Structures are given as C-alpha cells and as structure tokens.
Amino acid sequence: RVHVWIACLERSPADQTMLYGLLSADEQERATRFYFDLDRQRFIASRGLLRQILGRYLNCDPQAIAFSYAERGKPLLGGDGDSQAVQFNLSHSGAIALYAIGQDRRIGIDIEQIRPMPTADRLAQRFFSSREHAHLQTLDAPTQQRDFFRYWTCKEAYVKATGDGLALPVAQVEVLLDGDRPNSARFVSISGSVAEAKGWALHLLDPQEGYTGAIAVEGHDWDLRCWQMPATFEEWVRLG
C-alpha cells in the first residue's frame, strides 16, 4: 500500500512550539533563515508533522529520526535496513502539505495551490510537450488553469520520486490526463522512453478546494489510502 497524509500547516502556537521541539538542530537553524514569520511557521509545521508521521511508521521517537540526503538533495531515512525500506516524500503549497509513505519503491508527491498564472501559456510552451500544450488550448479558462497545475504536479512528482531534480527537466516527462475519469492520469513517455513511463503509476489528488496534487509511484502492484492529519497534537495522540 501507499499512504498519503493531508495536513494543514496553520497550527496553534502551542503546536508550533511542540513541533519546533521535534526538529533537529540543523532544521531549527534552517527555520531561523526565513524572513517572513508565516514561511518560518509553515516550514516548522511541515517538518515537525513529517517527523510525527514517520515516527508512527517506524515506531520510534519522532525527534530521534535521522535524515540523509541523496546527491541532488532528496531526503531519505538514515538508520538500519528496516527504516531505509520506508520511502517517503513531501510537498507543500500555501497552507496545505501532502506526505507520501511507501515501502521498497520510489515515490514522489507534489501539490500546488490553484491560482492565476499570467505566464502559464509561456511556461506550457517551454516545459510541456506539444500534445500537452495543445490540450490546454482546447479548455475553458477555469479548466485550463486547473489542468496547467495538474500537468505540473504530475511532472514534479516523478522528478521528486527519482531524485533527479534539475538533472531531468520536467519537459522530458510527458503526461496524459484522462478527463473522462476522475483522478486518472498516466505517463506517456519519460526522456523519450515509453518503456520507462510504463514502469510508473500516476494518480491525481484533490486534497482540498483550490489545490491539486499528484503522486508518482514505481510499479503498479499497489493501492492508495488517504488520511487527513488531525488539526491538533492532542487529536494525533488520541489516534494511538
């Protein structure tokens, strides 16, 4: 199974203090670099909630979790083989964060707040395939805005799953959105390879009104479960 947790990053002052206390020294130092309080608070919440979630899966103290980083910056779990088998990824936009948890398979997730994007057509011409761009041109304005971000999150989810980052431009990840089936999408080709695309599954997410997201998972022998993260630490504790 692959699990997705949806969380609101707007937390109470008490929860902010608690979540800050879960962070490692380097994460706390990173938090101090944010100029705006809102950005700092959301960073603290996103990382602290990640630790809470992973602590449940690993059956350990969230504060004790150690992260390592791949060559291009993708976060990974350190520790023994059991913990390294757990794969995770996170993304946040605005006040909402998504966390993807899997095991023994690469996984990536991305979320975007749907918003006016005056440069959307120029970006689509640069980063989307000719078929993707042509599809956007057939849509009414609200649907075009939504599908622009759907394409973007699908591409980003794959790049985050592989950890390729800037080494694989999103223009090389081609996606087909199936407008007739809710949350249905698939990879058409990756770096020109249809075979590579067939090795990955893609699922659209609608985490909250005004947001869209996508999860990319290696292989097809899995099913998806989604949960809402409780709004307070007390509720999380009561979940057991």
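Let's start with helix α3. At 1.5 Å a residue, its 22 residues should span 32 Å, and its end C-alpha atoms are 31 Å apart, which agrees. The expected span here is 1.5 Å times one less than the number of residues in the helix. Helices (H or I, at least four residues) and strands (E, at least two) are DSSP runs, numbered from the N terminus.

A word on the source. This is a predicted model, in which local features need pLDDT of at least 70, side-chain atom pairs count only at pLDDT 80 or more, and totals for chains, interfaces and linings use all residues. Residues are numbered from 1 along each chain as its sequence is written, and side-chain values use heavy atoms, with hydrogens and water left out.

Now, what packs on α3? Two packed helices are described by the angle between their axes and the distance between the axes. Axes are lines fitted to C-alpha atoms, for helices over the stretch in contact, and angles run from 0 to 180 degrees between N-to-C directions.

Take α2 first. Helix α2, residues 25-32, packs on α3, residues 37-58, at about 160°, with the axes 9 Å apart. That makes α2 roughly antiparallel to α3. On this scale, angles under 35 degrees count as roughly parallel, over 145 as roughly antiparallel, 65 to 115 as roughly perpendicular and the rest as oblique. The α2 and α3 crossing is right-handed. A crossing is left-handed if the near helix is turned anticlockwise from the far one by less than a right angle, and right-handed if clockwise.

Which residues meet? From α2 we have E27, R30, A31 and T32; from α3, R40, F43, I44, R47 and R51. Contact means heavy atoms within 4.5 Å. By class, that is three nonpolar, one polar and five charged residues. Ala, Val, Leu, Ile, Met, Phe, Trp, Tyr, Cys and Pro count as nonpolar, Asp, Glu, Lys and Arg as charged, and the others, Gly among them, as polar.

Next, α1. Helix α1, residues 13-22, packs on α3 at about 65°, with axes 8 Å apart. This crossing of α1 and α3 is left-handed. Q16, M18, L19, Y20 and L22 of α1 touch Q41, I44, A45, G48, L49, R51 and Q52 of α3. The contact of α1 with α3 has seven nonpolar, four polar and one charged residues.

What follows α3? N59 does, with a positive phi near 55°. N59 is not a glycine. Most residues other than glycine have a negative phi. N59 sits in the loop between α3 and β2, and is exposed at 73% relative accessible area. Buried means under 20%, exposed over 50%, partly exposed in between (1.4 Å probe, protein chains only).

S191 also has a positive phi near 55°, and is not glycine either. S191 lies in the loop between β8 and α8. S191 is partly exposed, at 46%.

On to M229, in the loop between β11 and α9. M229 is buried, at 4%. Its C-alpha is 4.9 Å from that of A7, which is 222 residues away along the chain. Leaving aside neighbours within four places in sequence, M229 contacts W5, I6, A7, L49, Q52, I53 and W236.

Last stop, helix α7, residues 141-162, which holds R150. R150 counts as buried, at 12%. Beyond four places in sequence, R150 touches L177, L204, D206 and T212.
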